[in-house]
Amino acid sequence: MKYSKYLCALFLAWVPVSVFAQSDESMTPEAKGLVIAQEASRRNEGYGDTAVDLTMELSSADGRSRERILSWQILESNDPQDGDKSLTVFHEPRDIAGTGFLSHTHISREDDQWLYLPSLKRVKRIASANKSSAFVGSEFAYEDLLSDEVEKFSYRWLKDEPCGEWVCFVVERIPQYENSGYSREIVWIDQTDYRIYKTEFYDLKGALEKVLYVENYQKYLDKFWRAQVLRMENVQTGKTTSLTFKPYVFQSGLTEQAFSPAALKRIR
């Protein structure tokens, strides 16, 4: 999907929706699920780079909350063997200010992720075995921050159903990469613009763990839909993490150098 998973994101061969009506009987659920995923990814190609400021609100089960201010940059990859690169930097509060998280997604090999901790003044590589861990105490896992490359999942169309004001494809996808914390995900994708409506995440025992709600979409450059709110609810703990985005900036000239591990140490 060429976009950070839900930080989202959030945004698989192109087949117009009208073809589904003609080919449902001959297309297997697995083939249909893959085509939907490919079309969602295709519609997000060509954005170049993106930068946005956002607020993270962490809420406990008893209603207490705290806020963090951060920024997020993404660089689209033109390499068919690589996914996108993203950089997240925390600015407030003071105890986390200067913390940086860098992610490089790959198609056919393990993804790379690094965390810069200003208190230690060093860059720490995130081990693949830890990608299911919580990202800085939020309800998002490190693997949720990787760009959603189509090849990293298997797919199965389940059904079509109303979702809010839209009608959605409901697609099951199963991670094909090692050390995922999820046994499967169920994604609701609107049939008109291929925007994600919500995603359910199931833990390794098969129980529903989290639900991501994707809200308040706006269109940029007359092509790219971006959600203004991402709300991850942990149904097992009652905790919630909400991300509220300011307006996105596209194609500002970000370069590869800004997304190198060495650049993490220069964060201000």
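Because the model is predicted, local features need pLDDT of at least 70 and side-chain atom pairs count only at pLDDT 80 or more, while totals for chains, interfaces and linings use all residues. Residues are numbered from 1 along each chain as its sequence is written, and side-chain values use heavy atoms, with hydrogens and water left out.

Start with strand β11, which covers residues 208–220. Strands here are DSSP runs of E with at least two residues, numbered from the N terminus. Strand β10 (residues 196–202) runs antiparallel to β11 and is joined to β11 by five bridges; two strands count as paired if DSSP finds at least two bridges between them. Within this pairing, Lys 198 has Tyr 213 of β11 as its bridge partner. The two strands form a hairpin with five residues between them, and Gly 206 in the turn has a positive phi of about 90 degrees.

β11 also pairs with strand β12 (residues 224–234), again in the antiparallel sense, over ten bridges. Here Glu 215 stands opposite Val 229 of β12. Three residues lie between the strands of this hairpin, and Leu 221 takes a positive phi near 55 degrees. In a regular strand the side chains alternate between the two faces of the sheet.

Gln 218 is a residue of β11. With a relative accessible area of 40%, Gln 218 is partly exposed; buried means under 20%, exposed over 50%, and partly exposed in between, using a 1.4 Å probe and protein chains only. Gln 218 is ten residues from Gln 228 in sequence, and their C-alpha atoms are 7.2 Å apart. Setting aside neighbours within four places in sequence, Gln 218 is in contact with Phe 224, Trp 225, Arg 226 and Gln 228, where contact means heavy atoms within 4.5 Å.

Lys 85 sits in another strand, β3 (residues 82–92). Why is Lys 85 classed as buried? Its relative accessible area is 14%, and the cut-off for buried is under 20%. The side chain of Lys 85 makes a polar contact of 3.4 Å with that of Glu 256. A polar contact is a pair of N or O atoms within 3.5 Å; within protein, one must be able to donate a hydrogen and the other to accept it, and residues adjacent in sequence count only if both atoms are side-chain atoms. Beyond four places in sequence, the contacts of Lys 85 include Gln 73, Ser 103, His 104 and Phe 259.

Next come the aromatic rings. The whole structure has 17 aromatic pairs; rings of Phe, Tyr and Trp (its six-membered ring) pair if their centres lie within 6.5 Å, with planes under 30 degrees apart counted as stacked, over 60 as edge-to-face and the rest as tilted. The pair of Phe 135 and Tyr 142 is edge-to-face because the planes are at 80 degrees, with the ring centres 5.6 Å apart. Phe 135 and Tyr 142 are both buried. Tyr 248 and Phe 250 form a tilted pair, 6.4 Å centre to centre with 35 degrees between the planes. Tyr 248 and Phe 250 belong to a cluster linked by ring pairs, which also takes in Tyr 47, Trp 72, Tyr 220, Phe 224 and Phe 245.

Finally, the structure holds one disulfide, defined as a pair of cysteine sulfur atoms within 2.5 Å. Cys 163 and Cys 168 form the bond, with their sulfur atoms 1.9 Å apart. The disulfide is right-handed because the torsion about the S-S bond is about 75 degrees. Both cysteines, Cys 163 and Cys 168, are buried.

Definitions and conventions
Helix = DSSP H or I, 4+ residues; strand = E, 2+ residues; numbered from the N terminus.
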